[in-house]
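Dear colleague,

Please find below the structure I promised to pass on, with the sequence alongside. My notes on what turned up follow directly after it.

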Amino acid sequence: MTNPFAWIGSRTLEGLRALGHNAWFFVELLRATPAALRRPYLVTAQIHSIGNLSLVIILSSGLAVGFVLALQSYYALVTYGASESLGLLVNLSLVRELGPVVTALLFAGRAGTSLTAEIGLMKAGEQLAAMEMMAIDPKSRVLVPRFLGGIVAMPVLAVLFSSVGILGAYVVAVQLIGVDDGNFWSIMQSGVDVWRDVGNGIIKSMVFGVICTFVAVYQGYETQATPEGVAHATTRTVVISSLSVLAMDFVLTAMMFSTH
Amino acid sequence: MNKRGVEILVGMFVVLGLAGLLFLALKAANLGSFSASDSYVLLAKFDNIGGLKVRAPVRSAGVTVGRVTSITLDPKTYQGVVKLDVQQGVVFPTDSSARILTSGLLGDQYVGLEPGAEEKNLGAGDTIKQTQSAVVLESLISQFLFNKAADAGSSTPTPAAGGAKK
């Protein structure tokens, strides 16, 4: 720290280098995609490992978030006599924001870390180098199927999160609290627009899927080939994915839901 | 797990996702209520459309019978031209009126159609002649103030007439 300007300069250059390296890696993944699609079972197996095995945590989190949203929204709305709009509030919160974002955060924590650890351990065990020796491109054999699997699985998980959340809110609101059943659904149906709300939520979840899976795969591939390096890479995956998802959420919300 | 088992599970996963999507679209949103194929177009010109947006509902007696498809400005008359898609089976007489109303106190605005008494009906592409613009809060306030000022102005001569009579 003898020269603060040199420190700032070198950090900026390091940041730019990392950004460029990320971009180059993304292009390499895209280039390796056609070769990976010639073995579709690779992608299917990854969708199973990333999507199916995340179902338990996503569905139970969705249910819990639906329960809590219904309870809290009821206490807030009943002061204004607007408790019949409970369904509408829960639906819009889930479908527009909580569904894509919470699913992305859980996805980064569960699937992102497992991807990074798996690829990092492959690199530490020199399996990726061995594949290159055998003239098998490790990107199309190992990395791209996981990337495509994450992109396919993430919107499905977000939709399931929102659906289960709405059903959970229905159980709490109508069965437990006593909000009117017909009003719950009809006010919700008249207030939620398929293209604007559900469609934009799905676009968001696709963008988040690309972000989380790409960060996981990149961190796994670029990890230092030691157990310590794998641990650091796994932590970096979760931190970078979560921050990127939240920042991107703000940008996308401003673009999609602004009132101009 | 063998290859076929994995593929079946992934297939079920995708089907579950599609089922969730259908549930969200049909049961939790407003798809499926109105299809654009069996409808006809009506035009209406307003001096002020207020907060009306595209895809707002068109209602008659409170029942949704159509959607707003486009809102443009007529460059010659400076009126807002609103295109409505109305369901095929619902017809309105040629002297029907269109008003821009608000659902509830703070809700979204919609177009309300009131049928007239003519025998002929509006066909596809016809323009609704009688329209009433949206309520603009500033005009309401200025009208209220003007009425108050007019009342105050007309009440002052009365005590003077009573005094002059005496």
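In this predicted model, strand E5 (residues 97–102) of chain B runs antiparallel to strand E6 (residues 109–114) of chain B, and the two are joined by six bridges. Within that pairing, B:Ile100 has B:Val111 in E6(B) as its bridge partner. Both strands belong to an open sheet of eight strands in chain B, whose order is E7-E1-E4-E3-E2-E6-E5-E8 and whose pairing is mixed. At the edges of this sheet lie strand E7 (127–128) and strand E8 (130–132) of chain B, each of which pairs on one side only.

As for chain B as a whole, its secondary structure comprises three helices and eight strands, and the elements follow one another from the N terminus as α-β-β-β-β-β-β-β-β-α-α. Of the 166 residues in chain B, 21% are buried, while among the contacts in chain B with a separation of 6 or more, 63% are between residues 24 or more positions apart.

Apart from its neighbours within four places in sequence, A:Val142 is in contact with A:Ile119, A:Met122 and A:Leu128. Between the C-alpha atoms of A:Val142 and A:Gly109, which are 33 residues apart along the chain, the separation is 20 Å.

Key:
Residues numbered from 1 in each chain as written. Chains lettered and ligands numbered in written order. Predicted model: local features only at pLDDT ≥ 70, side-chain atom pairs only at ≥ 80, totals over all residues. Pairing = 2+ DSSP bridges. Helix = DSSP H or I, 4+ residues; strand = E, 2+ residues; numbered from the N terminus. Contact = placed C-beta atoms within 7 Å. Buried ≥ 20, exposed ≤ 12 C-beta atoms within 10 Å, placed from the backbone.
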